[in-house]
Amino acid sequence: MNIPQVNELISKGIKVIDPHTTYIDKSVKITGKGIEIHPNTFIKGETEINDNCTIGPNSFLNNAKIDRNVKITFSHVEDSHVEDNCTIGPYSRIRNNSEIGKNVTIGNFAEIKASTIGENSRINHYSYLGDAFLGTNVNIGAGTITCNYDGEKKNKTSIGDNSFIGAGTMLIAPIKIGKNAKTGAGSVVTKNVNDFVTVVGNPAKILDNA
């Protein structure tokens with residue numbers, strides 16, 4: 001715990017539910033209004049937290065920039081930026097200079113690494129997105145993985161606006177999924193997918209009359 005730092009924040013109107021189980025570095029900037037920090041939370045490095053955020057319980061932030069109206073529960077955010085109106089967790093990890101756009105939901109057991117997630121996108125359950133770029137309003141189904149490592153180097157995945165990635169999809173990077181594209185549940189996608197195209201199967205092929 002860092003009681004002097006926590007007490008100083010409390011005196012400025014920050015609501016710290018349990019100061020004895022909360023650690024906040026002196027370098028952290030928490031200057032917004034309506035902020036609540038819940039028990040067993042560690043906030044370190046050059047982290048910044050803005051208005052109306054709820055952090056914790058059981059969360060870890062390090063060098064994270066958190067914009068307004070963000071809720072982070074049972075989760076880990078490091079060296080990354082979370083924009084307004086996002087919900088993170090429980091049990092998610094965001095790291096390696098990821099950028100999370102406005103109104104994004106990242107649910108249980110999701111990991112986001114070195115990725116950009118566009119506004120209004122949803123990654124609700126059990127997914128890994130590494131070295132990925134998502135456009136706006138993308139839905140990532142449960143169990144989706146960007147297979148970004150080929151044994152020698154990391155490869156990138158790009159997913160266009162309004163695309164729907166079905167549950168259990170494996171995206172074999174490097175790969176590009178177009179706008180308004182869809183993948184069926186359990187698909188293994190090894191080739192680029194054009195705009196407005198649906199692919200299914202292993203290996204994924206274009207669905208006739210999609």
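This is a dialogue on how to read some features of a predicted model.

User: Where do I start: how many helices and strands does the chain have?

Analyst: The chain has 1 helix and 29 strands. Its radius of gyration is 19 Å, close to the 17 Å that the globule rule gives for 210 residues, so the chain is as compact as a globular protein of that length. Along the principal axes, the C-alpha atoms fill a box of roughly 65 × 35 × 20 Å.

User: What share of the contacts join residues that are at least 24 apart in sequence?

Analyst: Take the contacts between residues at least 6 apart in sequence; of these, 9% join residues at least 24 apart.

User: How should I read burial, and what part of the chain is buried?

Analyst: A residue counts as buried when its relative accessible area is under 20%. Buried residues make up 48% of the 210 residues here. The accessible surface of the chain comes to about 9,900 Å², and 49% of that belongs to carbon and sulfur atoms.

User: Which residues have the most contacts inside the largest nonpolar core?

Analyst: The general idea is that nonpolar side chains tend to be buried together in soluble globular proteins. In this model the largest nonpolar core has 46 residues, and Ile30 and Ile66 have the most contacts inside it. Several elements each supply at least two residues of this core: helix 1 (3-11), strand 16 (105-113), strand 18 (122-130), strand 19 (132-134) and strand 25 (175-177). Strand 16 gives the largest share, 3 residues.

User: What is Ile30 in contact with, leaving aside its neighbours within four places in sequence?

Analyst: With those neighbours left aside, Ile30 is in contact with Leu9, Ile14, Ile24, Ile35, Ile37, Ile43 and Ile49.

User: How far apart are the mean positions of the positive and negative charges?

Analyst: The chain has 22 positive and 21 negative charges, and their mean positions are 3 Å apart.

User: What should I look for in the backbone angles?

Analyst: Most residues other than glycine have a negative phi, and most peptide bonds are trans. The cases to look for are the departures from that pattern.

User: Which residues are joined by cis peptide bonds?

Analyst: Pro57 lies in the loop between strand 7 (54-55) and strand 8 (60-62). Another cis bond runs from Asn202 to Pro203, with omega near -5°. Pro203 is in the loop between strand 28 (198-200) and strand 29 (205-206).

User: What is phi at Asn58 and at Asn162?

Analyst: Asn58 is not a glycine, yet its phi is positive, about 55°. Asn58 sits in the loop between strand 7 and strand 8, and it is partly exposed, with a relative accessible area of 35%. For Asn162, phi is near 65°, again a positive value in a residue other than glycine. Asn162 is found in the loop between strand 22 (157-159) and strand 23 (164-165). Asn162 counts as partly exposed, at 37% relative accessibility.

Conventions: Residues numbered from 1 in each chain as written. Predicted model: local features only at pLDDT ≥ 70, side-chain atom pairs only at ≥ 80, totals over all residues. Heavy atoms only, no water. Core = buried A, V, L, I, M, F, W, Y, C linked by side-chain atoms within 4.5 Å. Buried < 20%, exposed > 50% of the residue type's maximum accessible area, 1.4 Å probe, protein only. Helix = DSSP H or I, 4+ residues; strand = E, 2+ residues; numbered from the N terminus. Contact = heavy atoms within 4.5 Å. Rg over C-alpha atoms; globule rule 2.2 N^0.38 Å. Areas by Shrake-Rupley, 256 points an atom, 1.4 Å probe, with all protein chains shown as cover. Lys, Arg positive; Asp, Glu negative; His and termini not counted. Charge placed at Lys NZ, Arg CZ, Asp CG, Glu CD.
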